[in-house]
Amino acid sequence: MAEETAVIGHPVVRLSEVGKGFDGTTVLDDISLDVPQRQFIALVGPSGAGKSTLLRLVNGMHVPDSGTVATLGENPATCSRGRLRALRARVGFVFQQFGLVGRLSALENVLMGSLATLRLPRYGVMSYPRALRIRAVEHLDRVGLADRRFQRCDTLSGGQQQRVAVARTLLQSPELILADEPVASLDPAASVLVLDILRRISAEDGISVVCSLHQIEYALATADRVVALRGGRLVLDEPAADLTAGRLREIYDTAGDGDD
Ligand SMILES: Nc1ncnc2c1ncn2[C@@H]1O[C@H](COP(=O)(O)OP(=O)(O)OP(=O)(O)O)[C@@H](O)[C@H]1O
């Protein structure tokens with residue numbers, strides 16, 4: 001499937017010979033990567049390999065030291081603040097720690113996904129346009145939580161909170177979803193459910209997903225394609241169907257063996 005989709009249209013993201021460092025230490029070195037439309041990419045690699053840094057380069061939270069990043073046709077490092085804001089509204093970001101407002105209901109948290117496109121600050125569910133409220137409930141339904149829409153988020157389980165965060169992202173109508181270890185704080189059952197939802201959204205809505213993961217098994221079960229970083233270098237890029245857990249594990253086992 002990866003090869004099939006790669007030839008359709010422009011890549012959603014293109015990294016060309018990207019380098020990035022902090023305080024004189026190289027964190028990403030000569031990374032080139034195309035993300036085609038409708039593909040679910042699992043980004044794996046040992047802790048400190050540069051996965052979060054790569055995701056942050058894609059939405060302009062970091063600027064590369066060398067090379068270029070093109071995200072949905074824009075260069076986030078050079079576009080104006082207004083264009084960067086508009087670009088980020090087209091890119092959904094799902095975090096490990098959910099980023100929800102605990103005292104607000106699931107529905108209001110989802111509605112907050114629309115704030116980038118609304119002019120005035122909003123207070124309370126009824127201050128949002130009716131059409132948005134309907135869409136927000138539809139997205140909650142999609143992640144299996146419509147019946148919890150009036151529940152405070154800090155009373156939901158971790159897995160339910162992450163599903164609310166996914167529904168909030170969907171309200172942005174994203175063309176790309178970046179997920180930074182979205183299941184790292186969840187138990188196995190909740191992890192499988194969240195990844196399954198992300199995969200379904202990618203396939204049904206044609207949205208590309210780049211999702212950093214630590215669990216090799218989840219990467220193989222969920223993704224179309226697996227990209228592995230080690231020591232800031234891209235060391236593997238293959239369709240998930242061609243990979244085994246053993247081969248992926250080698251990337252972790254040999255980490256720190258002086259490959260950089
Ligand atoms: N803003 C920053 N300032 C300084 N160093 C940073 C910054 N962001 C990341 N780093 C460093 O860059 C390296 C790569 O970090 P990054 O978070 O990208 O790795 P990762 O692969 O996502 O790791 P993990 O799986 O543990 O989250 C680490 O050594 C980290 O300390």
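1. Two residues are in contact if their C-beta atoms, placed from the backbone, lie within 7 Å. By that criterion, 13 residues of domain 1 touch twelve residues of domain 2. The coordinates come from a predicted model, and the points below should be read with that in mind.

2. On the side of domain 1 that touches domain 2, α3 (81–89) and α7 (188–205) are the elements that give two or more residues. Helix α7 supplies the largest share of that side, six residues. By class, the side of domain 1 that touches domain 2 is made up of eleven nonpolar residues, one polar residue and one charged residue.

3. On the ligand: which residues surround it? The shell consists of Phe-22, Asp-23, Val-27, Gly-45, Ser-47, Gly-48, Ala-49, Gly-50, Lys-51, Ser-52 and Thr-53. Helix α2 (residues 51–58) gives the largest share of this shell, three residues. Sorted by class, the shell has six polar, three nonpolar and two charged residues.

4. On the three-stranded sheet: this sheet is open, its strands run in the order β2-β1-β4, and the pairing is antiparallel. Its edge strands are β2 (25–35) and β4 (66–71), each of which pairs on one side only. Neighbouring strands of this sheet are turned against each other by 25° on average, direction ignored. Between β1 (residues 13–22) and β4 the antiparallel pairing extends over five bridges. Within this part of the sheet, Val-13 stands opposite Thr-71 in β4.

5. On the six-stranded sheet: a further open sheet has six strands in the order β5-β6-β7-β3-β8-β9, with mixed pairing. Here the edges are β5 (91–95) and β9 (233–239), and each of these strands pairs on one side only. From one strand to the next the twist averages 15°. Strand β3 (residues 40–44) pairs with strand β8 (residues 225–230) in the parallel sense, over four bridges. Ile-41 stands opposite Arg-225 in β8. Helix α9 (residues 245–253) packs on this sheet and touches β3, β8 and β9. The direction of α9 makes about 20° with that of β8.

6. The three-stranded sheet has antiparallel pairing, whereas the pairing in the six-stranded sheet is mixed.

7. On Thr-222: is this residue buried or exposed? Thr-222 counts as buried because it has 24 C-beta neighbours inside 10 Å, and the cut-off for burial is 20 or more. Thr-222 is placed in helix α8 (residues 216–222). Leaving aside neighbours within four places in sequence, the contacts of Thr-222 are Phe-40, Ala-42, Leu-195 and Arg-199. Of these partners, Phe-40 and Ala-42 are in the range of β3 (residues 40–44), and Leu-195 and Arg-199 are in the range of α7 (188–205).

8. On one distance across the model: Thr-222 and Ser-16 are 206 residues apart along the chain, and 26 Å separate their C-alpha atoms.

Key. Residues numbered from 1 in each chain as written. Predicted model: local features only at pLDDT ≥ 70, side-chain atom pairs only at ≥ 80, totals over all residues. Nonpolar A, V, L, I, M, F, W, Y, C, P; charged D, E, K, R; others polar. Near = placed C-beta within 6 Å. Pairing = 2+ DSSP bridges. Axes fitted to C-alpha atoms, helices over the stretch in contact; angles between N-to-C directions. Buried ≥ 20, exposed ≤ 12 C-beta atoms within 10 Å, placed from the backbone.
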